[in-house]
Amino acid sequence: MTGKEDLFTPVHKGLRAMMYDLSTRLQTTDFTDRVATQALATDLEVDFAIARSAGCFLCAFAAHAHDEEKVVFPRSAAAANALVSELIRDHQGLTRRELEIGERARGLASLSSREERMAAGIHLNQLANDLFAAYFAHMNREETELVPVMREHFTDAEQAQMRGAIIAGFQPDRLFALLGWMLPALNVSELTDLIGSVKAGAPPPLMKAVAEIGAARVDADRWAVVRQNVGI
Ligand SMILES: [Fe+2]
Ligand SMILES: [Fe+2]
């Protein structure tokens, strides 16, 4: 059997968009400015349980890996044991980098000297670049190696059920924050499929909330085409 479901690429597009944005912020933040430095440190939180923003970057990266390990990898390990073991090992390396970045960011905000904050800001950029490089390579492997295995061993309905299990574990504010990155990162065809499936299967209040995120975040011309395609 060969299906066409892809549990990885759409959410990875959202995560990549977050990384591009975070990278730009890291490169342009004036670390002599304590307020800007503190704001960046807040958004770099590692742990959803203590984060002050539902869109915290490192939280989202860490939670994505956790979702894969909880729902997708246990099912796909029987078909691709060596690959899944390597992907889990990658996750451990990503987690180690994320924890160090979170710790450095918190420490940076509390440094009183401008010179120390500037030096620590340069180091934070370097650590983040290393995380992004590793994370990009990891997502490419999931998309090029694991997606074909999943299509061969699971029906589209089985994969859709796995996606449903992941989404069911999301807090609503976390889901909406992720959709705020993911929707503008998708092309018209992907958006049409996604919004069409939400329209077909989700309760009207959820559909309304998702449509509001699309209207606010997706490029206006692209969103108009999606609305026409889906009929909303
Ligand atoms: Fe992963
Ligand atoms: Fe992934």
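Which helix gives the largest share of the lining of the largest pocket? The answer is helix 7, with 7 residues; helices are DSSP runs of H or I of at least four residues, numbered from the N terminus. The structure is a predicted model, in which local features need pLDDT of at least 70 and side-chain atom pairs count only at pLDDT 80 or more, while totals for chains, interfaces and linings use all residues. Residues are numbered from 1 along each chain as its sequence is written, chains are lettered from A and ligands numbered from 1 in the order in which they are written, and side-chain values use heavy atoms, with hydrogens and water left out.

The largest pocket holds about 1,300 Å³ of space. A pocket is found on a 1 Å grid over the protein atoms alone, as an open set of points where a 1.4 Å probe fits, with protein on both sides within 12 Å along at least five of seven lines; lining residues have an atom within 4 Å of a point. Grid points are joined across faces, edges and corners, and the volume is the space filled by probe spheres set on the points. The lining comprises 43 residues, and P10, R163, I167, M182 and L194 lie nearest the centre of the pocket. At least two lining residues come from each of helix 1 (9-28), helix 3 (57-76), helix 6 (156-168), helix 7 (172-185), helix 8 (188-201) and helix 9 (204-217). By class, 26 lining residues are nonpolar, 6 polar and 11 charged (Ala, Val, Leu, Ile, Met, Phe, Trp, Tyr, Cys and Pro count as nonpolar, Asp, Glu, Lys and Arg as charged, and the others, Gly among them, as polar).

The domain assignment gives domain 1 (9-171) and domain 2 (186-232); such bounds come from an automatic or database assignment. The centres of the two domains, taken over C-alpha atoms, are 25 Å apart. Each domain supplies at least three residues to the lining of the largest pocket.

Two iron ions are present, ligand 1 and ligand 2, 3.3 Å apart and bridged by E68. Donors are N, O and S atoms within 2.8 Å of the metal (3.2 Å for Na, K and Ca); water is not among the atoms, so sites may look incomplete. H138 and E142 lie 4 residues apart in helix 5 (residues 114-153), about one turn of the helix.

Distant parts of the chain are linked, with H12 in helix 1 and E142 in helix 5, 130 residues apart.

H138 counts as buried because its relative accessibility is 2% (buried means under 20% relative accessible area, exposed over 50%, partly exposed in between, with a 1.4 Å probe and protein chains only). E142 is buried at 0%, and H12 is buried at 0%.
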